[in-house]
Amino acid sequence: MELDGNGACMEHDGKGTGMELDFGPAVRDFRDEVRDWLADHLVGEFAANRGVGGPTDGAAWDVRLAWDRELSAGGWLGVGWPQEYGGRGLGLLEEIVFEYEYARVNAPYRATVNALDLLGPMLLAMGGEAQKRRFLPPILAVEELWGQGFSEPGAGSDLASVRTRAERDGAAWVVSGQKVWTSFGIHADWLYVLTRTDPDSRRHKGLTMLLVPTDQPGVEIRPIRNLAGQDEFAEVFLSDARTDADLVVGEVGQGWRTAMATLGIERGTTLLPQQLTFEREAEALIGLARERGALDDPMLRRRIVDAWISVRIMRTTNLRTIAELTAGRTPGAQATTAKLYASTRHQRLGQLATELAGPAGQIVGEDYGLDTRQRSFLLSLAETIYGGSSEIQRNIIGEQVLGLPKEPRS
Ligand SMILES: Cc1cc2nc3c(=O)[nH]c(=O)nc-3n(C[C@H](O)[C@H](O)[C@H](O)COP(=O)(O)OP(=O)(O)OC[C@H]3O[C@@H](n4cnc5c(N)ncnc54)[C@H](O)[C@@H]3O)c2cc1C
């Protein structure tokens with residue numbers, strides 16, 4: 001299948017279900033370099049934790065942090081970031097090749113993903129020069145970890161209702177309020193926090209994005225236990241927390257623009273590894289169905305085929321988005337539907353796998369020890385919430401893709 005002018009294509013790898021992606025001659029040397037490095041370094045405890053972790057899965061945290069540092073030492077974090085901030089300065093195609101090779105060997109999910117995929121690109125796009133020089137190198141060196149402080153008890157889907165206040169006090173901002181669901185919050189050294197700096201403002205106006213250090217008396221981070229029994233996310237209480245006056249990303253009063261730019265950083269590069277994980281799960285599902293003799297049941301067979309088709313559609317959708325991005329085009333409507341499709345289909349896949357596993361699928365080990373299948377299914381239930389809930393995704397598709405009348409706004 002031809003993808004674009006770069007000659008990237010995908011072919012069967014001759015091993016049944018798997019597919020080999022070839023991104024074309026221009027990046028073949030680079031691909032080999034990535035492959036060689038991963039073969040040499042993904043060993044020992046790193047190899048023992050292949051496929052462990054996820055965007056909201058804190059499993060094997062310390063090993064994954066050590067792995068991130070290994071990647072950093074090899075110069076593999078920030079492949080596309082400019083060299084002056086510690087990156088490799090390569091292009092989008094190399095970033096995609098790296099992510100693909102990384103996913104192909106099922107390397108552990110990077111613990112620093114929040115800063116790498118969200119804050120870093122936000123700073124590169126909207127941050128001042130001093131901020132980039134101060135914050136980007138420690139992200140790539142895995143010296144400082146970050147949390148995203150957007151959601152509040154009264155502001156999730158409706159982020160414009162943010163109430164956390166920030167006021168100027170000389171050379172500092174003083175921040176008070178509550179944030180919630182901060183992924184990997186208990187590990188965060190810094191937070192990027194959406195605040196209201198104009199007390200008389202409403203909705204999207206008068207908001208400001210601030211970078212706030214967590215190591216101070218005004219910041220209290222309390223873990224929240226998730227369905228998989230992990231203290232993955234946290235609620236954050238800010239009580240006269242202080243940060244330097246110049247740690248505003250973008251402009252004062254323009255925090256909404258900065259926040260939307262961050263939420264808009266959703267690229268095919270990060271979806272591709274996730275999609276390969278789903279494909280592995282679908283393969284395991286077919287193995288399990290075969291083991292249980294479930295392939296003889298026409299109803300189950302139909303659902304299994306449906307699950308398999310879903311992961312193939314995800315792959316094709318991602319490849320389409322990647323092809324458009326590498327060709328310098330704005331991704332089409334399929335990119336807008338990808339999150340809704342992937343999250344709902346992943347849940348369905350997990351539910352089917354749980355059903356096929358029978359009663360054994362519901363028995364947990366000592367100390368609520370979950371196996372990979374159980375953890376994946378339970379964590380998939382949050383996928384239709386974070387990053388914009390399914391209802392919000394449907395609103396976006398309805399309004400922006402299908403051109404339906406806008407939802408009434410109060
Ligand atoms: C695992 C996980 C990790 C997260 N990590 C972070 C993080 O690191 N940082 C951060 O800031 N936040 C994070 N979040 C928060 C996440 O962004 C919010 O949960 C999400 O935006 C939904 O907001 P809410 O929970 O306040 O639900 P609400 O907005 O209160 O929504 C409740 C229900 O109403 C529906 N609804 C709301 N508005 C509409 C509408 N206009 N039309 C139709 N239906 C609607 C929603 O779809 C949902 O079903 C995380 C959440 C989860 C589950």
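Arg222 is partly exposed, with a relative accessible area of 37% (buried means under 20%, exposed over 50% and partly exposed in between, with a 1.4 Å probe and protein chains only). The structure is a predicted model, in which local features need pLDDT of at least 70 and side-chain atom pairs count only at pLDDT 80 or more, while totals for chains, interfaces and linings use all residues. Residues are numbered from 1 along each chain as its sequence is written, and side-chain values use heavy atoms, with hydrogens and water left out.

The side chain of Arg222 meets that of Glu220 in a salt bridge, at 2.9 Å from N to O (a salt bridge is a side-chain nitrogen of Lys or Arg within 4 Å of a carboxyl oxygen of Asp or Glu). Glu220 is likewise partly exposed, at 38%. By this rule the count comes to 19 salt bridges. One of them joins Arg110 and Glu99, with the closest N and O atoms 2.7 Å apart. Arg110 lies in the loop between helix 4 (92-104) and helix 5 (113-126) and Glu99 in helix 4, so the pair ties together parts that are 11 residues apart in sequence (helices, H or I of at least four residues, and strands, E of at least two, are DSSP runs numbered from the N terminus). Both residues are buried, Arg110 with a relative accessible area of 10% and Glu99 with 13%. A salt bridge also forms between Arg165 and Glu167 (3.9 Å, N to O), where Arg165 is partly exposed at 44%. Arg35, Glu101 and Arg104 are linked in a network of salt bridges.

Around the ligand there are 18 residues, of which Ser151, Ser157, Trp181, Ser389 and Glu391 come nearest (a residue is near if one of its heavy atoms lies within 4 Å). The shell divides into 7 nonpolar, 9 polar and 2 charged residues (Ala, Val, Leu, Ile, Met, Phe, Trp, Tyr, Cys and Pro count as nonpolar, Asp, Glu, Lys and Arg as charged, and the others, Gly among them, as polar). A backbone N or O atom of Trp181 lies 2.8 Å from a ligand nitrogen atom, and a polar side-chain atom of Ser389 lies 2.6 Å from a ligand oxygen atom. Strand 5 (172-183) and helix 12 (390-401) are the elements that give two or more residues to the shell.

Among the buried residues are Arg375, Phe377 and Leu379.

Note on methods
Polar contact = N/O pair within 3.5 Å; in protein donor to acceptor, adjacent residues only side chain to side chain.
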